[in-house]
Structure formats: structure tokens, C-alpha cells
Amino acid sequence: MINKTALTVIALLFIIIFFGCGCPDVQETTTKKPGWYIPEDYGDQYYRETIRILKEMWDNENGHLADMTSRIATTINSGGTVIWDSNASHFSLYDTDPSLSCLPEVGMLSSTKFQGNKENIDKLKKGDILITNFIWEATDNAHKRGVHVIGVTNSYFRSKIFSEADNFDHRSNYNDLVLEDISDEIFDSHVTGQIGLVNIPYIADRKVGPGIGTFMGVLYWLTVSEVANKLIKSHDAPSLEYAQKYIDILFERLDRVYKEQHDAIWVAAEQTAEKIDNGSALYLDSEPKGVMSSGTGMSMGLMMTNHNRGGNEAWKHGDVVILADVTDNPNSKIVEQARIAKEKGCFIVAMGPSTQDQLKNIADIYFDNLSPEGYGLFEIDGYDNKIALVGSVINNVINNIFTIQMVYEMNRRGLYPKYWSSYIWVKTPGYHEWANWVIDKVGY
């Protein structure tokens, strides 16, 4: 006679055979992430937006640039003073270093400190020119004194050109002024009110990837090149002779870097993401210091780079060290840094001219910035030194493409690094304290 337990087992077997097992097949029902989850590699987005904004600025404002640089040269030649104060960004702050060897001996004044030209700005008088993107007491007072102020649109400060939403996100500036209030004319750099260039799914409120420094740096060197020529040739200088050469060289080299070194950059980004996943720290240094500054503290940039770890004394075996140089000097500061990193067993990603043999031989991965001329792009009649710098700009673009593509690879591995906010954002207080705590805890 069959007992109740046996009947229950038989009944269960019948249900399973007749209806099938109710447990889902994990392999068959696992949902594949849809195509829009990460629609495009971050590195591709960054490059595309960089080129778009540069082209818009050049195509729409080259006539304004021609007129502006003629007036700047005339002012300097007549004994007036011109100050370049349009360096509200980490990268361009260092590319405007007045000690660089690729500047005309007599030209625009500049500095390497945020609002660091106050003493000189306060000396400007009617007839002098100030090119600025800072809205602060000194620039407002200069405008009131009759100094001709050329305001350059920059994502850090409010402008009537920006959308209402972008301006609303920015803290109000000095005396609630916008750029137009302190300027006699506006040079539209065609940047937006967003400092970053790339939409990343896990950061919903803003774009990331610092771009402003590149655009301010390019505008500076376009202006320097053109003014240098016009200081010598005056009214005989062909319009935009050297600015046109500069932008053509820049676009051609960026295009080649992107097409010819794309795969190498992407492989390096993947390798670096894996190392960070395994606990490696990330470091960055450069000469000039613009690439380093942009990559270690600029708004919408990675917070993990050089995070609370000091200089090269903190580097340890397996850490990732990014190095950017513009010279082929075998004993440059960056080559010395590379030697230290090599001795410590770090993974070195470097960039610079193809002629920088020492750095290239030491590095594990090397990107060619296609700028072998180093400090001094143009030979202009009337100058003993060469004028203008392009290698630093290209290094900055390469590094930003590489590091934001690295973040893409980190995201694919479930790692979500923190980005700097900015002092100009309304809701910044408290965010950095929390984000730094997270980085101290997990490394990114």
C-alpha cells in the first residue's frame, strides 16, 4: 500500500514532467544591457566635442580675431599696455607663462596665477587693452576707468550668450555682473556654460572631462602668433597669416593623432583601468604644467589623479604614471620623472614629440604629439626666437581623451570614479568632502 509521502513524491514528479520545472533558466533569461547603456566611447565623444568647438570658434570668429589682434599690435607698438587675463582654466594658465621661450620679447603681459595680474590690471589706463574672462573687482574697475576690455566667454563665468539654465547653475559673480557688464566687446569662444564635454550615465547633472583649458589655450596661441607678426610688419602683415597656419597645423595634427593612434590610446586606457581595478594609484606630471594642472584639479576632471599623495616620493610599484613633455631634451624634468618612475616599477604612459627618444624608450606606452619643434612653432622675420607652442595643446587633448576613455573601461568593470565639481556651481559645498572620503576608501 502506498503511503502519503510516496503519493506526494509521485504527484510532484507528475507536475514537473507535465508542466516543466518552474525554475527559470538563468542563461536564457539574463537581460543583456541595451545599446543605449553606454552609447559611444567616452574618448570618441571627447575628441568630437573638442574639434566641434574649435571649428566653431575659428569659422565664426576669425574675422573678429583678425581685427582684435591688429588693435592689440597697434596698442603695443604705440607704447600702450595689453594684458592677457583670459586664463580661467588650469591648462591655459600655464601655457600663458610669460617665461616661456616661444613668446615675442615685447608683447602681451600675462601671469600663471588665477587673477594674478591684479597689480598690473590696476595700472591699466584709458587706451590700454585687457583681454579677460574673469568677472571680479579689478576687471570691473578697469572697465570703469576706460580701459578697453575684451571679454572672452568661458564656462566659469556667466554670460548672456549662455543658456538661462547654464547661467542658473553658476554662482553669481562679482556684484551679480555678467561678462557683458564689464566688457566693451565680447569674443565668443563658442564654449558652452558646461565646463565638461562628455555625458556619462552615472553623472546625471553635468558633463565631465575638462575642455575649457584647451580652448582658452588655443585662442591664446592664435592671438600670440598673429600679434607677433603684426608687431613687426604692422599694416603690411597679411590678415591671419600666422593664426591660419596655427589652426591648420593644429587640426591636421589632431586628426592624425586620432586616426593613427586611436587603437593604441584605447588599449592603454583598458590596461590602465585594469591596473586601477587591481589597486594601482594614478599620477600625472607635465612640462609645461598645464596638462598636469588640468588633469589633477580642474573642474569636471578626475579627483583620483595625484590624490593626497604628494610627489614622486609616494609612487610605488605598479602605480600608473602619466607624463607629458614638449621638448626632446634627453635630460628634461619629465625625463627625470620617468627615470624615477621606472626605478620604482611604475607603469608609464607618456606623450611628447617623436624626437624625445629618452622618454619614449623609458615609457611602457608612448603617444606621439607630432610636434617635434617643441618650444617654438614659427620662424617669424624680426625675431631671434621661434614663436608659439602647439605640442602642449595636443598633449592636453591626448591626455584627456586617454583618461576619459580609461573611465569608460572602468565603468565596464563596475568602477565609478569621482569627478571634481567647481566653485562656480551652486551646489558644490559638501560634495568634495564626501567624494574625497570615497577616494580615500576605495582609491577612485
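Predicted model: local features only at pLDDT ≥ 70, side-chain atom pairs only at ≥ 80, totals over all residues.
Let's start with a helix pair. Helix 9 covers residues 241–277 and helix 13 covers residues 391–412; their axes come within 8 Å and cross at roughly 35°. The crossing of helix 9 and helix 13 is right-handed. As for what sits where these two meet, the contact residues split into 18 nonpolar, two polar and three charged.

## The largest cavity

Rolling a probe the size of a water molecule over the atoms shows where empty space is left. In this structure you'll find two cavities of 30 Å³ or more, and the largest has a volume of about 130 Å³. It is lined by 15 residues, and the ones closest to its centre are Pro 210, Gly 301, Leu 302, Asn 400 and Thr 403.

Helix 13 turns up again here: it gives the most to this lining, with four residues. Strand 6 (203–210) and strand 7 (282–286) also supply at least two residues each. The lining of the largest cavity has eight nonpolar residues, seven polar ones and no charged ones.

## The second largest cavity

The second largest cavity holds about 30 Å³ of space. Its lining is made up of Met 57, Trp 58, Glu 61, Asn 62, Leu 65, Phe 187, Leu 219 and Leu 222. Two elements give two or more residues to that lining, namely helix 3 (42–77) and helix 8 (212–233). Helix 3 gives the most, with five residues. By type, the lining of the second largest cavity divides into six nonpolar residues, one polar and one charged.

Notes: Residues numbered from 1 in each chain as written. Heavy atoms only, no water. Axes fitted to C-alpha atoms, helices over the stretch in contact; angles between N-to-C directions. Left-handed = near helix turned anticlockwise from the far one by under 90°. Nonpolar A, V, L, I, M, F, W, Y, C, P; charged D, E, K, R; others polar. 1 Å grid on protein atoms, 1.4 Å probe; cavity = no way out; pocket = protein on both sides within 12 Å on 5 of 7 lines; lining within 4 Å. Points joined across faces, edges and corners; volume = space filled by probe spheres on them.
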